[in-house]
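Subject: Structure handover

Hello,

Here is the structure I said I would pass on. My notes on what turned up in it follow below.

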Amino acid sequence: MTKQNKHKYHHGDLRTQLIAAVVDMINQQSVESITMRGLSDWIGVSRTAAYRHFEDKADLLTAAAIEGFEAFTVTLKTTRIDESFDEIDRFKNMGQAYIKFAIEHPAYYRLMFGNVVIQKSEALLTTADAAFSELALMLEILQDAELIQNEDLRLQATYIWSLMHGLVSLIIDNKLNETGDTEEIVQFFQQKIMKSLSNE
């Protein structure tokens, strides 16, 4: 631990600082290797202080995942409600925003959708569903405009979410280096998704 780490985190709202610190740690090491002792040392506070805010590591990781989903939802909603673009472009922009979020916040993304031990609390499920609902709402807009097939929204959203999750997982894990240009791959995915949903 360095003095720089202590200075960076040891101020203000400790709960917020603990969440920020655990996200930083996930960017540098595996989630499994993180401990409350290590986290406390990382930011220069006592374990007692950390435990005043979180019962255990799972509680802290859950709070971080909730924060990630909240930010993710805002990102998706911003593209959905931007009426300076037509419906198709808003849908494409949402896909781009999804990928950009994962690339810029890989620790959050892995925590939100990974297999680490977190508490499946009502708050976590609610925030996760809010993000998913943004995609469903975007698809509803496309259906209302008769631009895509009038099918079950949640099934359509699950289909698209599964494709996007697979793609961004490959991107953030650097598995596409030999496959081609990432932007070209993303555009190809979007074209195929639109074709599969289209009324034409």
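Thr-62 touches Ile-118, Gln-119, Ser-121 and Leu-124, once its neighbours within four places in sequence are left aside. Thr-62 belongs to helix α5. Its relative accessible area is 3%, so Thr-62 is buried, the cut-off being under 20%. Please keep in mind throughout that this is a predicted model.

One of those contacts, Leu-124, is also among the buried residues of α8. Helix α8 covers residues 122–144. From its first C-alpha to its last, α8 reaches 31 Å with 23 residues, close to the 33 Å expected at 1.5 Å a residue. Its buried residues are Leu-124, Thr-127, Ala-131, Phe-132, Glu-134, Leu-135, Ala-136, Met-138, Leu-139, Leu-142 and Gln-143. What do they pack against? The partners are α5 (57–80), α6, α9 and α10.

Glu-146 has a phi of about 60° and comes just after α8, in the loop between α8 and α9. Glu-146 is exposed, because its relative accessibility of 64% is over 50%. Asn-174 has a phi of about 55° and sits in the loop between α9 and α10. With a relative accessible area of 54%, Asn-174 is exposed too.

Next, the salt bridges. How many does a search of the whole structure find? The search gives four, and I describe some of them here.

Asp-129 and Arg-154 meet through their side chains in a salt bridge, at 3.2 Å from N to O. This pair links distant parts of the chain, with Asp-129 in helix α8 and Arg-154 in helix α9, 25 residues apart. Asp-129 is partly exposed at a relative accessible area of 34%, and Arg-154 is partly exposed at 43%.

Arg-110 and Asp-173 form another salt bridge between their side chains, at 2.9 Å from N to O. Here too the pair links distant parts of the chain: Arg-110 is in helix α7, while Asp-173 is in the loop between α9 (153–172) and α10 (182–197), 63 residues away. Arg-110 has 36% relative accessibility and counts as partly exposed. Asp-173, at 38%, likewise counts as partly exposed.

Glu-104 pairs with Lys-100 in a salt bridge whose closest N and O atoms are 4.0 Å apart.

Last, the packing of two helices. At what angle do α2 and α7 pack? Helix α2 (residues 14–28) and helix α7 (residues 106–113) pack at about 95°, and their axes are 8 Å apart. That angle falls within 65 to 115 degrees, which means α2 is roughly perpendicular to α7. On the α2 side the contact is made by Ile-19, Val-23, Ile-26 and Asn-27, and on the α7 side by Pro-106, Ala-107, Tyr-108 and Leu-111. By class, the contact has seven nonpolar residues, one polar residue and no charged ones.

Regards

How values were computed: Residues numbered from 1 in each chain as written. Predicted model: local features only at pLDDT ≥ 70, side-chain atom pairs only at ≥ 80, totals over all residues. Heavy atoms only, no water. Axes fitted to C-alpha atoms, helices over the stretch in contact; angles between N-to-C directions. Helix = DSSP H or I, 4+ residues; strand = E, 2+ residues; numbered from the N terminus. Parallel < 35°, antiparallel > 145°, perpendicular 65-115°, else oblique. Contact = heavy atoms within 4.5 Å. Nonpolar A, V, L, I, M, F, W, Y, C, P; charged D, E, K, R; others polar. Buried < 20%, exposed > 50% of the residue type's maximum accessible area, 1.4 Å probe, protein only. Expected span 1.5 Å × (residues − 1).
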